[in-house]
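Work through the exercises below with the model open. Try each task before reading its solution.

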Amino acid sequence: MAHITGKKLFTLIFVVDEPHHKILLGMKKRGFGVNKFNGFGGKLEQGETVEQGAYRELWEESSLEAKDMKKVGLNLFTFENDPTALEVHVYIVTTYDGTPKESEEMRPQWFDYKEIPYDIMWADDSQWLPLVLDNKNIIGEFHFSEDQKSILFQSLQTVDTVPVDFDLSQRKLNF
């Protein structure tokens, strides 16, 4: 098993229009994941809960204020030659106030579920996002190559209840 010495907490929020089968993604304009479409989210600020961080990140990156937020997934990402895992808490928002607006970090764009641009997203998204959009809860582990382009190992399962956090001692991947 890859030697992981710690983890950093992140949020990932997908705004969906379920009746019309549309999802709001943001084109990342800078930093980690630049030039990829993704949900909205990021690191927690000191003293924030994961949920508080999710609400704040959605507002900062899209100008949307979530009225509901449902935790639907927990993913653990590791990278070759990096001992720190990224624990990503995934949320779905179906009710919100505001109109999506471009920020310094993200350019929001609506997509039909059938036209999600997986070819310009993280390689793992095509594995689990369709499950989430089908109202399933997921827990996943994805180990990426050092260049962050290829998944070397993965484990993905649907669950009834998403765990509060990822217990590193319970990892599924052995490599």
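**Exercise 1: a hairpin**

In the hairpin of E1 and E2, four residues lie between the strands, and histidine 21 there takes a positive phi near 55°. Helices (H or I, at least four residues) and strands (E, at least two) are DSSP runs, numbered from the N terminus. This is a predicted model: local features need pLDDT of at least 70, side-chain atom pairs count only at pLDDT 80 or more, and totals for chains, interfaces and linings use all residues. Residues are numbered from 1 along each chain as its sequence is written, and side-chain values use heavy atoms, with hydrogens and water left out.

Task: Find how E1 pairs with E2 and with E6.

Solution. 
- Step 1. Apply the rule: two strands pair if DSSP finds at least two bridges between them.
- Step 2. E1 and E2 (residues 22-28) run antiparallel, joined by three bridges. Valine 16 has isoleucine 23 in E2 as its bridge partner.
- Step 3. E1 (residues 6-17) and E6 (residues 82-93) are parallel, with ten bridges. Leucine 86 in E6 stands opposite lysine 8.

**Exercise 2: positive phi**

Task: Is asparagine 135 buried or exposed?

Solution. 
- Step 1. Locate asparagine 135: the loop between H2 and E9.
- Step 2. Read its phi, near 65°, a positive value in a residue other than glycine. Most residues other than glycine have a negative phi.
- Step 3. Apply the cut-offs for relative accessible area: buried is under 20%, exposed over 50%, partly exposed in between (1.4 Å probe, protein chains only).
- Step 4. Asparagine 135 has 57% relative accessibility, so it counts as exposed. Histidine 21, at 44%, counts as partly exposed.

**Exercise 3: a buried charge**

Task: Which side chain of opposite charge is nearest to glutamate 61?

Solution. 
- Step 1. Assign charges: Lys and Arg positive, Asp and Glu negative, His and the chain ends not counted.
- Step 2. The nearest is lysine 28, 5.5 Å away. A salt bridge needs a side-chain nitrogen of Lys or Arg within 4 Å of a carboxyl oxygen of Asp or Glu. Glutamate 61 is buried and has no salt bridge.

**Exercise 4: the core**

Task: Which residues have the most contacts inside the largest nonpolar core?

Solution. 
- Step 1. Define the core: buried Ala, Val, Leu, Ile, Met, Phe, Trp, Tyr and Cys residues joined through side-chain atoms within 4.5 Å.
- Step 2. The largest has 27 residues; Phe14, Ile23, Leu25, Trp128 and Leu129 have the most contacts inside it.
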